[in-house]
Every structure is written in C-alpha cells, then in structure tokens.
Amino acid sequence: MDELRELYIEPTSHCNLHCPMCQRNHWKNEAKGAMNLALFDKIIDSIPKSVNRIFFGGVGEPLCHPDIIYMLRRAKETGCTVEAITNGTLLNEEMSKKIVDIKLDVLWLSLDSMEEASYGDIRSGADFKSVMDNIGIFNEIRFHPYFRNRIDKVKVKLGIAFVLMKNNLAQFKKLLMKAQHLGVSEIKAMHLVPYDESQAENICYEHMFGSGMYVSPGTIGVRVDMPFMDMRDVQEHDMLPLLSRPPLSLSVMGTPFSLKENYCRFAREGIAYARWDGEVCPCFPLLHENTIYQQNRIRRSRSCSFGNLGEKSLLDIWESETYAAFRRRVINFEFSPCKHCGTCQLFDANESDCFGNPFPTCGACLWAQGLFQCP
C-alpha cells in the first residue's frame, strides 16, 4: 500500500562543526536556515494517521535549533515513534534531562572514532573527551539507578551512527567492543559518501566495484548455500570476492545473503523528508543540491521537491500525481543502468537518462544499491 509511514524532519541545516566529509562543504546554490515554528506546527497538526515514525535529522545538527525540545515534545504527542540524531557536542546535562523527560524513543549519536586524535580529524571542531563525558551524563540520567546495566529498562535508547572509512576501521572494532559499556542498543554503520575526488580514496566499498566503479553483477549462475566458516580461512583462501560479488543466490545455512540492487527504501517503505524550508523531498540524496564522485567523475545531483508545506498539506503533496508517479518509477526502477555504464554525458547529472526518464533520474543512485543508508 502506497502510504506515508515515516517522516524525516530537518530542523536546521546549520551545524556547529566543520567535518571535512560533510556535504555542506560543497554547497554552491544552497541557502542555510532553520525551520520556523509556525511551519513546524502546521506539519505536526497535519501528520497523516499512516505515519508511525518521525525522525529529526538531515544535514545540519538538530540540537542547534533553539526550539528542538519543543519540536520533539510535539512530535511525541502524535503517538509516533520519535527519534533524533546529534553529534553529541551539545548534549549537556540540561539537554539530556529534557530529552529523557519527553521520552524520546531513540537518540542517535554520530561517533566515528573511539580515540581523541582520530576523532578530531573526522569531527572538526568537536572535543572527544567532552562528547564522551556527555554520553556518560546522558546515561546517568536515562538509566534508572536500580537497572543501571539493563538496557531493556532504559528510558531512552541510544544508537550510534558510524561512517565507515579506511582510516577508521580499527575504530569501528573498538566501538563494537565498548558498545555495551556505553549502553548502546543499536549501531548503524554506513559508507562514506565521496563528494569529491579527495574523499574517494577513503571509501571502503571499492571491492564491490569494477574499475569503472559499478556494482558487479553475480559471478556465478548457480545457487550456493554455505556453512559457517572461520573468517581466517575465508581470508587465507581469498574467498572474500564471493561475499562482495555474490552469485545468483547465496545463503549461509539456508539464510539468504544478497545485495539489494535497484531497491529504494524511501519509495518502497513510505518515507519522505521535510526540509528546513518546508520543501518535501523524496529521499536523503535529493534533499539538497550536491555532487558525488562516482566512476572517476563528478556527478551533479539537483535537489528535488514535490511541494512546499507552507502552501499545501503533507498528505496533499504525498498523494499528488507527480509524486505518486515518481514513486512508481522508482519502485519499478526502470532507469537506465548508469551504475554499470556511466560513459555518456547524461551520467554527469540527474536531469534525464537514455531511457527517456525525466528529472530526477535514479539509475546511478548508490543508496538504491544497498551501499548507503540513513538511521
């Protein structure tokens, strides 16, 4: 059923940090701003009954918004599951108490290193010790003193969003080892999005691509069911390509293991984004105008909106024929195979493709190939 089930709200595109891998560094025609309360109240007052999850996040730091607690509280009043993401620098004792008081369901924290030196290189402008202290304060507040080691008794769950890069893979292992101590309920790992050529050397999915940087098709035309194996043997006998370029059907003890190709979670699972200025965008990749370094070229991606919430209701925009038609195209995914090709000038932007699809085209979208994800 084509219903709106999850709404991502971007409270602001401002941020107190200057991370080198952030897409904000590459904006040219994008204004920065914060959502005004009149617009926000209109959104909350018209939330369709089909929506079951509201997530506060986008490109900026949500806790930078002066009215973020009011926003979170109003969202909770809808009865939806409410989650938010933060870089943790503003998660002081007062903020933590307010977040726990309104019973936020999950607070996601962007944490890409477990050591002070490397953390500072990744999260420019943040202090590792201060962030870890903030996590400690948040844990003291959210855990009942009688259930300090019981995550199932926690008032607000803590999730970690970790951006995988070649230079922080060892840090990811340390995070896994310390996660329980930190009171973490879930870790969401995601790949680095290379917005320019300099970032491409730090990506961790190059073995999933050929020399032209496209997702490789299945290498074997048979069904394969494997037992559990010692990873040392897998590495020693060079079997990792089987996992990075799976056959027609690969399973482990009967459990399917496969890449989701041409699968748009945003369209298939009923997700929409409300940008800080009220524009309704279909997904994170189309939230802001940007570039991505792909197949050894810079590809421009223009943002896409199907209406502004200052002029129309969320449901009216969702049910509009143009938005519905776009979702149908994405679900069917009848776009030109840019991820395998990328040789013509149409690849350089998401304006049109050689199948005749109009803007926005999604044939080169790496989110739809199971590489990138959002919390």
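This is a predicted model: local features need pLDDT of at least 70, side-chain atom pairs count only at pLDDT 80 or more; totals for chains, interfaces and linings use all residues.
**Exercise 1. Find the order of the strands in the open sheet, and name its edge strands.**

Let's start with the overall layout. The open sheet is built from eight strands, in the order 6-5-4-3-2-1-10-11. Its pairing is mixed. Next, look for strands that pair on one side only: these are strand 6 (184-191) and strand 11 (280-281), the edge strands.

**Exercise 2. Work out how strand 1 is joined to strand 2 and to strand 10, and find which residues of strand 1 are buried.**

Step one: go to strand 1, residues 6-9. Strand 2 (residues 53-56) runs parallel to strand 1, and four bridges join them. Across this pairing, E6 stands opposite R53.

Step two: turn to strand 10 (residues 271-274), which is also parallel to strand 1 and joined to it by four bridges. Here Y8 has Y273 as its bridge partner.

Step three: follow Y273 onward. Strand 10 pairs with strand 11 in the antiparallel sense over two bridges, and Y273 stands opposite C281 in strand 11.

Step four: check the two faces of strand 1. E6 and Y8 are buried on one side, and L7 and I9 are buried on the other, so both faces are covered, with buried meaning under 20% relative accessible area.

**Exercise 3. Classify the ring pair of W367 and F372, then find which arginines lie over rings.**

A whole-structure search gives 15 aromatic pairs. For W367 and F372, the centres are 4.8 Å apart and the planes make 75°. Planes over 60 degrees apart count as edge-to-face, so this pair is edge-to-face. Both partners are buried: W367 has a relative accessible area of 16%, and F372 one of 6%.

Ring pairs also link W367 and F372 into a cluster with Y8, F55, Y205, F266, Y273 and F284. Y8 and Y273 are the bridge partners from Exercise 2.

Finally, the arginines. R327 lies over the face of W318, 3.6 Å from the ring centre. The charged end of R299 sits over the ring of F347, at 5.4 Å from its centre.

Definitions and conventions
Residues are numbered from 1 along each chain as its sequence is written. Side-chain values use heavy atoms; hydrogens and water are left out. Rings of Phe, Tyr and Trp (its six-membered ring) pair if their centres lie within 6.5 Å; planes under 30 degrees apart count as stacked, over 60 as edge-to-face and the rest as tilted. Buried means under 20% relative accessible area, exposed over 50%, partly exposed in between (1.4 Å probe, protein chains only). A charge sits over a ring if NZ of Lys or CZ of Arg is within 6 Å of the ring centre and within 35 degrees of the ring normal. Two strands pair if DSSP finds at least two bridges between them.
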